Amino acid sequence: MPDIIPENSVGIVTPETLYFDEPLELACGRILPDYQLVIETYGELNSDKSNAILICHALSGHHHAAGYHSKEDQKPGWWDNHIGPGKPFDTNRFFIVSPNNLGGCHGSTGPNTTNPETGKPWGVDFPPLRVRDWVQSQARLADRLGIDQWAAVAGGSLGGMQAMRWALEYPNRLRHAIVIASAMKLSAQNIAFNEIARDAIKSDPDFRDGHFLEDNTLPRNGLALARKIGHVTYLSDQLMGNKFGRELRSGSFQQGQDTPVEFQVESYLRHQGDAFSNSFDANTYLLMTKALDYFDLAREYGNDPVKAFNHALCNFLVVSFSTDWRFAPERSQEIVKALIDANKNVSYAAIESNLGHDAFLLPNERYEHVLYAYMNRMANETPGFNQTDIVSPSEASL
Amino acid sequence: MNMRTDFDIIQQWIAPKSRVLDLACGDGTLLKNLKEAKQVEGYGLEIDPEKITAAITNTINVIETNLDAGLSQFPDNSFDTVVMTQALQVMRYPHLVLEEMLRIGEKCIVTFPNFGNWRARTSLFIHGRMPVTKQLTYQWYDTPNIHFCTVRDFESLCTERNILIKHREFVAERIPDKQIKGIWPNLFSDTAIYLLSK
C-alpha cells in the first residue's frame, strides 16, 4: 500500500468469519449442514440500519473489495476505485458489506475447505451452486447483521446477476438493485468460453479429477490457461492494441536473427495466468463458471423476463460499457426493456469506455458521475439518513 | 422560451396516474413535475451524459437512448402518452420519430420552436443571415437543430401522414406577440404545442 493512506481509502481492513449452523438447502437438492462466510465491512451501520449495501462479487472476486489487509499489500481490494470515504459507495454514509460467496476459495466454505464427512478437502465433491444459493446465504448474512432491508444490493457481471436474483427472491429486502455490466443469461458464446476454460483446467494432469488438494498438487498450468482465456475476453481489442500493440518483450525480427520472439501481450498474459493460478482454487473456478452458465433469470417464470421482474419491488440502476463484448450493452438493454415493460423504476447509463468488461472495476469519470448521482439520490430519499446517528460496528451484533 | 408555460399546457393534457414516455427528457424536469402533480409512471429517454446524470439526481427513470436509432424496444401502445419537447428539430428523421411516437403512445404531445416566427423571418429577409435569437442561440454550422419547421410545415406533415391534431396551443414570450399569436400563430408564436393521435 502507499506510505500514507489516501484520504479516500478505507485503509487497513480485517476480514471476519461468520459461522452458520442452520442447514442450507441448495438448488441442486443437496444440503450444506453448516458453513462459514468470510466478510469485510466498511463504514458504519446507522441506528435504524437503513444504510447497508451488499456488494456481490464476480467470478474471481472475494470479500476483499476495498482497502488493504496490511502495509505490505501491493494492491487494494478489487472495487477500491469505487468504495471508500467520498467515493461513490461512500463509507462516510453507507455501511458496505462484502462477503466471499459460498464455493469461493478465500475463506468461505468451498471446495478448498474441509468436508466434515470425510475430513478431507471438498475438492470437486463440493455441491454445485447456483446464484440463488448465494442469494439465500447472503439473506442469512443480512439476518445475522440485523439488516432487514438493504439500501442496495450491487454488483458487476456475476455480481449483477446476484443483485437481480435478490430483487426477485427477496423483493422486500432491498430498495435498490445496482446491476453493472451484467446479463439475464449468458449467450452461447459466453458458455463456450467458459467451457474452454474448464477444459483447460480438467486436462491438466495435476487436476487429478478434482482431488488435487488431497494429492498435494495444484493444476497450475490448467488454471493459468483458463485465466488467460477469460482475461482476453474481459479486455477489448482496442485496449489490448493501445496497451501492447505488437511491441516485443524480447527477440527481434531483424534479418539473420533467430532468437525467439516474445510479444509484450504474451508476457502480460503469462503473468496474469501465473498470478491467478497461485491464488485461486481450480474447483472454485469450475463451480463459479458453471453458476454463471446456469443462471437464467426468467427460466422459472416461463422464460418471460417481464413476468420475472413483476416480482421485484426495488428500483434499478443498470450500467453497461461500450466495448464490453462479454456482457455487451445489448444484454443490459434487455434487462432495461424487461423492467420498463414490467413497469419498474429503472435508470440506464451506457458508458463509453475502451476497457472492455473490466471497465466496471476501473476508474471512469462518467461511470463515477452516474454512481455518485444514484447513490446521492439513495441517501437523500432514506429517512433518518445522516452521519450523526451512526452506531459502532460492535453494536451491530456481528 | 418560457418552459413553465410549455410544461403547464402539457400537464393539462396528461391523465393522472398514466404512463408517460418523455423523449429527449433532458434533466427530467417535466417528468418530475408530472410525477408530483399527476402521479404518472414516467420514463425519460436521453442521450446527453450530463443530462442523464441530472435526471438521475431528479429521481427520474432515465434511459440512455439514441432516438435516431429507433424505438423498436417499445411495444405498440405501451404508453398512454409519449411526449417530446423542443427536440423534433434535432432528430435525424423527425417524421419517423413522430410515427414511432404514435405507434408507442395512445396519444402524443410534441412541442417545437416555430421557425415561422416573424423574428426568424426578418433575420433571413432583411439581413440574409440564418437567425440567431435568444431562444435559438446556435450558429448555422454548430447547431444541433438540423430540421427546423414552421407551424404550417408541421401541420402539413400531419395532414400528409394522417396524424390527427387533437389540440394545438401556441406560446409567445414577448409583447405584442403574446396578444396576437392566436390570430396568426405561424408568425407570432415562439413555440407550438400539439396533442396528436393516430
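Predicted model: local features only at pLDDT ≥ 70, side-chain atom pairs only at ≥ 80, totals over all residues.

The contact is built from A:R366, A:H369, A:V370, A:A373, A:Y374, A:N376 and A:R377 on the side of helix 10 of chain A, while helix 3 of chain B contributes B:P49, B:T53, B:I56 and B:T57.

Two packed helices are described by the angle between their axes and the distance between the axes. Here the axes of helix 10 (residues 365-381) of chain A and helix 3 (residues 49-57) of chain B come within 8 Å and cross at roughly 15°. Since angles under 35 degrees count as roughly parallel, helix 10 of chain A and helix 3 of chain B are therefore roughly parallel to each other.

## Two residues with positive phi

Most residues other than glycine have a negative phi. A:A181, however, is a residue other than glycine whose phi is positive, near 45°, and it is found in the loop between strand 10 (176-180) and helix 3 (188-202) of chain A. Is A:A181 buried or exposed? With 30 other C-beta atoms within 10 Å, A:A181 is buried.

In chain B, B:T59 is not a glycine either, yet its phi is positive at about 55°. B:T59 lies in the loop that runs between helix 3 and strand 3 (62-64) of chain B, and, having 19 other C-beta atoms within 10 Å, B:T59 is partly exposed.

Conventions
Residues numbered from 1 in each chain as written. Chains lettered and ligands numbered in written order. Axes fitted to C-alpha atoms, helices over the stretch in contact; angles between N-to-C directions. Helix = DSSP H or I, 4+ residues; strand = E, 2+ residues; numbered from the N terminus. Parallel < 35°, antiparallel > 145°, perpendicular 65-115°, else oblique. Contact = placed C-beta atoms within 7 Å. Buried ≥ 20, exposed ≤ 12 C-beta atoms within 10 Å, placed from the backbone.
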